[in-house]
Amino acid sequence: MAAPSSFTFQKVHLSASVDGQPIHITGSASGSATKIHTAVSGAVNMDEIWLYANNTHTAEIVLTLCWGDSGTGSNPTGGEGVKAHLATALSASAGSYLVAPGLLLNGGHTLHAFAATVDKVNVVGYVNRISSSLT
């Protein structure tokens, strides 16, 4: 395979966000997780994902990211095919937490999230889409 000769970076919204608005987490388990983003397809280009989460509840909530789901199968909502569960404890009403610091995803895989308490966590962020041209 040829080496990439140049790279292009494009900042884009999370695919599940409407015009960059926060994504409200309504799922409470991996099988009912809320979709956050679907990564660029293929094996060469990458999505560098930056996510911030905010807990609006009066108690701590654990937010779990379901990283790398294929988005297919009988349960395409953070259940089947998940490569990793990344959990972060969010203190009550303490502002935004960086929960995905530029982590990479591609191959059309999806990112979902669920929270121990539903309807109390919002996620915002963006994607740096990294495209390469091969020589």
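**Close-up views of a predicted model**

**View 1. The salt bridge between Arg-129 and Asp-47.** Arg-129 pairs with Asp-47 in a salt bridge whose closest N and O atoms are 2.7 Å apart, the term being used for a side-chain nitrogen of Lys or Arg within 4 Å of a carboxyl oxygen of Asp or Glu. Because Arg-129 lies in strand β9 (residues 121–134) and Asp-47 in strand β4 (residues 46–55), the pair ties together parts that are 82 residues apart in sequence; strands are DSSP runs (E, at least two residues), numbered from the N terminus. Arg-129 is partly exposed at 21% relative accessible area, whereas Asp-47 is buried at 0% (buried, under 20%; exposed, over 50%; partly exposed, in between; 1.4 Å probe, protein chains only). The model is predicted, with local features needing pLDDT of at least 70 and side-chain atom pairs counting only at pLDDT 80 or more, while totals for chains, interfaces and linings use all residues. Residues are numbered from 1 along each chain as its sequence is written, and side-chain values use heavy atoms, with hydrogens and water left out.

**View 2. The largest nonpolar core.** This core, a set of buried Ala, Val, Leu, Ile, Met, Phe, Trp, Tyr and Cys residues joined through side-chain atoms within 4.5 Å, has 23 residues, and those with the most contacts inside it are Ile-25, Ile-36, Leu-51, Leu-63 and Leu-65. Two or more residues come from each of β4, β5 (61–69), β7 (96–105), β8 and β9, with β5 giving the most, four residues.

**View 3. The surroundings of Ile-36.** Beyond its neighbours within four places in sequence, Ile-36 is in contact with residues including Leu-14, Leu-51, His-112 and Val-123, contact meaning heavy atoms within 4.5 Å. His-112, in strand β8 (residues 110–115), is buried at 2% relative accessible area.
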